[in-house]
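Hi there,

Here is the structure I promised to pass on to you. Have a look at it first, and then read my notes below.

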Amino acid sequence: MAPPRRKVLATAEETLTPPDELQQGQHIARVSKATGNNLYVVELPSKDTVLVELPSRFRSRIWMKRNSYVVVDMNALEDRDNKLAGEIVNIVRDEKAWRKAPFWPKEFIKQSTVIASDSEDEEESKVGQMPPSDDSDA
C-alpha cells in the first residue's frame, strides 16, 4: 500500500529549502552509487567515500540519482558496530537554493563547461542530420 499523499508532500516540502546551518557532524555529500537495501556510497568534500543509510521516511518517497547531493549525519550511527558511517538526514532537491547557503562546500562548486571550437579545422558533425537530397545538385 502506498504512503498517504500528505506524508509524501510533507517530505518533499521538507527537502526543498536548506536549513539555516548544519548541525555538528553533518556534511553535504555527493551520491556516488546505490548499493541496494537503501544503502548508498557518497563522496564527502574531503574526497573520502563512505557508506550511508537512507532512513525510512525517505524510502519510496524521494528518489536520488547519481551525482545528486544529500546531507549526511556522521554522528547518527556511531553506537552501531558496522560498516555504515552515517545516515542521510536531508536530500538536496533545489540545488540552486542550496548552493547559495554559506555552508555549501567549495569542493562542490558547479563547474561551467566551456567548449572551444575551431570551425575552420573541424568538419561539422553529421549526426542526427538528414542525408543530402539529390535535387540540390541539379
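Among contacts in the protein chain (heavy atoms within 4.5 Å) between residues at least 6 apart in sequence, 61% join residues at least 24 apart. Please keep in mind that this is a predicted model, where local features need pLDDT of at least 70, side-chain atom pairs count only at pLDDT 80 or more, and totals for chains, interfaces and linings use all residues. Residues are numbered from 1 along each chain as its sequence is written, and side-chain values use heavy atoms, with hydrogens and water left out.

The protein chain has two helices and five strands, counted as DSSP runs and numbered from the N terminus (helices are H or I with at least four residues, strands are E with at least two). From the N terminus on, their order is α-β-β-β-β-β-α. Of the 138 residues, 32% count as buried, where buried means under 20% relative accessible area with a 1.4 Å probe, protein chains only.

Now follow strand E2 (residues 39–43). Four of its five residues are buried, so E2 is largely enclosed by the rest of the structure. On one side, E2 pairs with strand E1 (residues 26–36) in the antiparallel sense over five bridges; two strands pair if DSSP finds at least two bridges between them. Gly36 has Leu39 as its bridge partner in E2. Two residues lie between E1 and E2 in this hairpin, and Asn37 in the turn has a positive phi of about 55°.

E2 also pairs with strand E3 (residues 49–53), again antiparallel over five bridges. Here Leu39 stands opposite Glu53. This hairpin has five residues between its strands, with Lys47 in the turn at a positive phi of about 70°.

Enjoy exploring!

How values were computed. Buried means under 20% relative accessible area, exposed over 50%, partly exposed in between (1.4 Å probe, protein chains only).
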